[in-house]
Amino acid sequence: MEVINALGRRKSAVARIYVSEGTGKITINKKDITEYFPSAILQYVVKQPLNLLEVAEKYDIKVNLDGGGFTGQSQALRLAIARALVKINAEDKKKLKDQGFLTRDSREVERKKPGQPKARRRFQFSKR
């Protein structure tokens, strides 16, 4: 099997991944997943598509993660992994889609408007 690459995005985070056959090692920005995401919840989020298809120990994944915060990065990585798994085996697409792992969460931060402290918050109204 040659190296499969895929892209995942969430908010302002971008995950570029390279999947090859191996022992289940996930390397993010030249660090191990446990070092990059110390939280067990975020590690779980990243590994969800692999655990669903029971291929967690089958592939080595090298990741280039950029932008956003840790939650957005973990969800961008989950999307990229799911897309790569579909490239490897197209029959897995239905399982992944049913769980919602192939859907790009398009919610972005709304911009701040002039004359307001935040995007929608107005300054306090004073009648007098």
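A search of the whole structure, which is a predicted model, turns up one aromatic pair. The rings of Tyr36 and Phe37 have centres 5.1 Å apart and planes at 85 degrees, so the pair is edge-to-face. Salt bridges come to a count of seven, and several of them are described below.

**Aromatic pair**
- Angles over 60 degrees count as edge-to-face, and the planes of Tyr36 and Phe37 stand at 85 degrees.
- Tyr36 is partly exposed, with a relative accessibility of 22%.
- Phe37 is buried, because its relative accessibility is 1% and the cut-off for buried is under 20%.

- Lys94 and Asp98 form a salt bridge in which the closest N and O atoms are 3.1 Å apart.
- Both residues belong to helix H4 (residues 93-99), where four residues, about one turn of the helix, separate Lys94 from Asp98.
- Lys94 and Asp98 are both exposed.

- Arg104 pairs with Glu108 in a salt bridge, with 3.4 Å between the closest N and O atoms.
- Arg104 is partly exposed at a relative accessible area of 29%, and Glu108 is also partly exposed, at 48% relative accessibility.
- Glu110 and Arg120 meet through their side chains in a salt bridge of 2.9 Å, N to O.
- Glu110 and Arg120 both lie in the segment after H4, so this pair ties together parts that are ten residues apart in sequence.
- Glu110 is partly exposed at 37% relative accessibility, whereas Arg120 is exposed at 62%.

**Network**
- A network of salt bridges links Arg10, Asp105 and Arg107.

Methods. Residues are numbered from 1 along each chain as its sequence is written. This is a predicted model: local features need pLDDT of at least 70, side-chain atom pairs count only at pLDDT 80 or more; totals for chains, interfaces and linings use all residues. Side-chain values use heavy atoms; hydrogens and water are left out. Rings of Phe, Tyr and Trp (its six-membered ring) pair if their centres lie within 6.5 Å; planes under 30 degrees apart count as stacked, over 60 as edge-to-face and the rest as tilted. Buried means under 20% relative accessible area, exposed over 50%, partly exposed in between (1.4 Å probe, protein chains only). A salt bridge is a side-chain nitrogen of Lys or Arg within 4 Å of a carboxyl oxygen of Asp or Glu. Helices (H or I, at least four residues) and strands (E, at least two) are DSSP runs, numbered from the N terminus.
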